[in-house]
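Here is a short briefing to read with the model open beside you.

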Amino acid sequence: MNFSFKVLILSIINLVLISKSNCQNILSKDGISLGNRNEFISSCVKSANQTTIKFKGIEIQTTKYCSCIADNLIPTLNSKEIIKAVKENKMKELFLMDKNFDIVVNCAEGNVKYNDDFKLGQSSGDLEFQKKVWIKFCKNGFMKNTTNEIITTETAEISCTCMFNKLLAAGTSYKELLNNFDENSPLYNEVVLPCVVSALDTKLKKENSYNVNDIKGVNNKSEIKLIDYFGKGYKLKIKIGNVSKYFLFDTGASDLIIDGDTERELLLDGFLKRENYLNKSEFELADNNTIIGQKVKLSNIVIGDFTVNNVVLTIINKGSLLCGKSFLDKFRNWEIDEKNKILTLYK
């Protein structure tokens, strides 16, 4: 995992790169002439050099950086979005948009050098903006270098935000960061690992959380008759799209699980589509073996008198139809009447 500080100072440079007058100095994507390239670069270099004085432990090759911005970023921006960003003082937000960020990073590579004693947040710039830059760059690093399918853009962002705060609080230097990011280092075990684990825990808790807007139904509660399953538990009926199935009800299980056959039915019916697929997760079986489950998010899941939307469930190819506790977490509350074999769900 290779994290770099090479974009942190772009926050300060970008604040002065484009002023209202400088925006008249090159050609926009829609063909509007913004003026002379050399004048733009000269103005950019002058502003960047003046700003760099505020920093300690940073060296910037401003001419190369500004030339790269002039040749590779500005021509990709429409004149309207440039003018709008300048008027609203949101040029830094424009630079950080996903479609622009990779270009900014490429321009920074090799043109911004940090001395060993440079520390995160020590500059006089906008710390919140530095944080946004760090998180974006850190997320890119996660998604490009990880082979773990449970790391999503959401968990990467949570992890990177956590790391920024910990590194800032610890006063970590650039040298420490470069020399200690391996699995046996203190930084990895005390910063990276706890942040990633915490992010994954947060994601799991949020997968099927209560939201009254996700539950459609006239009444505030619904009673579902439980079917005795040979004294081994109960079954209940759940309808997913147009497919109705009887699920084993197990509050000790975590997920709402469907098998490969049900997945194929939903695919053929057109209810399950590519955009519904999320990440994959490992599940440990009773015999301590592990299997891989595919997460999907679906709406229009009917149980009792309620229709539930935005439900995350798991597909296990050779698994059983299982209704676990996470599905019940979509409701405000629930209770089981063992005597009368009734599950009551509360909206």
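Among the contacts in the protein chain with a separation of 6 or more, 65% are between residues 24 or more positions apart; contact means heavy atoms within 4.5 Å. Please keep in mind that this is a predicted model, where local features need pLDDT of at least 70 and side-chain atom pairs count only at pLDDT 80 or more, while totals for chains, interfaces and linings use all residues. Residues are numbered from 1 along each chain as its sequence is written, and side-chain values use heavy atoms, with hydrogens and water left out.

**The chain as a whole**

- The protein chain has 12 helices and 16 strands; helices (H or I, at least four residues) and strands (E, at least two) are DSSP runs, numbered from the N terminus.
- Of the 347 residues in the protein chain, 46% are buried. Buried means under 20% relative accessible area, exposed over 50%, and partly exposed in between (1.4 Å probe, protein chains only).
- The protein chain has an accessible surface of about 18200 Å², and carbon and sulfur atoms hold 48% of that. These areas come from the Shrake-Rupley method with a 1.4 Å probe, and for residues only the protein chains shown count as cover.

**Disulfides**

- How many disulfides does a search of the whole structure find? The search finds 2, taking a disulfide as a pair of cysteine sulfur atoms within 2.5 Å.
- Cys-68 and Cys-107 form a disulfide with sulfur atoms 2.1 Å apart. This pair links distant parts of the chain, with Cys-68 in helix 3 (residues 62-73) and Cys-107 in helix 6, 39 residues apart.
- The torsion about the S-S bond of Cys-68 and Cys-107 is about -75°, so this disulfide is left-handed. Both Cys-68 and Cys-107 are buried.
- Cys-162 and Cys-195 also form a disulfide, with 2.0 Å between their sulfur atoms. Here too the pair links distant parts of the chain: Cys-162 sits in helix 8 and Cys-195 in helix 10 (residues 186-206), 33 residues apart.
- The link of Cys-162 and Cys-195 is left-handed, with -70° about the S-S bond. Cys-195 counts as buried because its relative accessibility is 1%.

**Helix 8**

- Helix 8 (residues 153-170) has 18 residues and reaches 25 Å from its first C-alpha to its last, close to the 26 Å expected at 1.5 Å a residue. The expected span is 1.5 Å times one less than the number of residues.
- Its buried residues are Thr-155, Ala-156, Ser-159, Cys-160, Met-163, Phe-164 and Leu-167. An α-helix has 3.6 residues a turn, so residues three or four places apart point the same way.
- Just after helix 8, Gly-171 takes a positive phi of about 65°.

**Met-97**

- Met-97 lies in the loop between helix 5 (91-95) and helix 6 (98-108). Met-97 is partly exposed because its relative accessible area is 36%.
- Met-97 and Lys-136 are 39 residues apart in sequence, and their C-alpha atoms are 9.5 Å apart in space.

**Aromatic rings**

- A search of the whole structure finds 3 aromatic pairs. Rings of Phe, Tyr and Trp (its six-membered ring) pair if their centres lie within 6.5 Å; planes under 30 degrees apart count as stacked, over 60 as edge-to-face and the rest as tilted.
- Ring pairs link Phe-306, Phe-327 and Phe-331 into a cluster.
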